[in-house]
Amino acid sequence: MIEDNGDFMLFAYNEFSVREAQESDRDAIWNWRNSAVVRAWMGNSAEIPHEDHIRWFARRRETRTGIFILYWDERPIGVFTFRPDPDEPSTRLMTMYLIEQYQNAGLGIVLEWFMLERAFSDPEFTIVAGILFEDNQVLSLHRFFQFDVAPGEDDFLRISMDRRRYQVIAPAIKSKIFRG
């Protein structure tokens with residue numbers, strides 16, 4: 001259930017859950033990621049061949065890539081991933097996206113909350129991502145969560161956050177997203 005408090009939509013925290021992707025999720029994740037709407041905002045907007053996705057998914061343990069699915073009332077609504085940065089051992093590279101039918105429904109803020117909760121439940125590290133320079137909606141979302149934003153390569157901005165900052169801002173942000 002969603003409640004509008006005038007400034008933010010307040011969600012019921014207990015209606016959401018996160019779980020690590022399982023083998024049975026592999027093809028659904030491939031379909032979601034290959035949606036034209038999702039691909040349009042990814043660093044690589046090309047359609048991913050099924051064989052490449054199968055290899056990537058099979059190697060997730062070997063590459064220490066965490067793949068997670070966010071559920072709302074037991075319906076999958078988004079995916080986020082973490083993988084080690086080969087150049088910086090204390091950094092995890094993240095990606096996240098809402099499944100096509102949940103885009104522009106105000107749920108990006110919830111996906112980001114649960115992604116950060118999962119990211120910083122592990123030992124101390126920094127999370128980093130690249131976002132397209134022209135993706136103002138997602139940039140605003142990351143700024144709401146107080147990510148550091150810096151110029152990146154090509155058409156990307158580099159965003160980052162560490163656990164210490166998250167622990168300081170989390171209570172105030174949670175109260176703006178979830179009721180109760």
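Arg39 is a buried residue in this predicted model, since its relative accessible area is 17%, and the cut-off for burial is under 20%. Its side chain meets that of Glu47 in a salt bridge, with 3.9 Å from N to O. Glu47, by contrast, is exposed, having a relative accessible area of 52%.

Side chains of opposite charge can pair when their charged atoms come close. How many salt bridges does a search of the whole structure find? The search finds nine.

One of these salt bridges brings together the side chains of Arg61 and Glu20, at 3.2 Å from N to O. Arg61 belongs to the loop between helix H3 (50–58) and strand S4 (66–72), while Glu20 belongs to strand S3 (residues 16–20); the pair therefore ties together parts that are 41 residues apart in sequence. Arg61 counts as exposed, at 52% relative accessibility, whereas Glu20 counts as partly exposed, at 34%.

A further salt bridge links Arg165 with Asp148, whose closest N and O atoms are 2.9 Å apart. Arg165 is found in helix H6 (residues 163–177) and Asp148 in strand S8 (residues 148–151), so this contact ties together parts that are 17 residues apart in sequence. Arg165 is partly exposed, with 27% relative accessibility, and Asp148 is partly exposed as well, with a relative accessible area of 39%.

Definitions and conventions
Residues are numbered from 1 along each chain as its sequence is written. This is a predicted model: local features need pLDDT of at least 70, side-chain atom pairs count only at pLDDT 80 or more; totals for chains, interfaces and linings use all residues. Side-chain values use heavy atoms; hydrogens and water are left out. A salt bridge is a side-chain nitrogen of Lys or Arg within 4 Å of a carboxyl oxygen of Asp or Glu. Helices (H or I, at least four residues) and strands (E, at least two) are DSSP runs, numbered from the N terminus. Buried means under 20% relative accessible area, exposed over 50%, partly exposed in between (1.4 Å probe, protein chains only).
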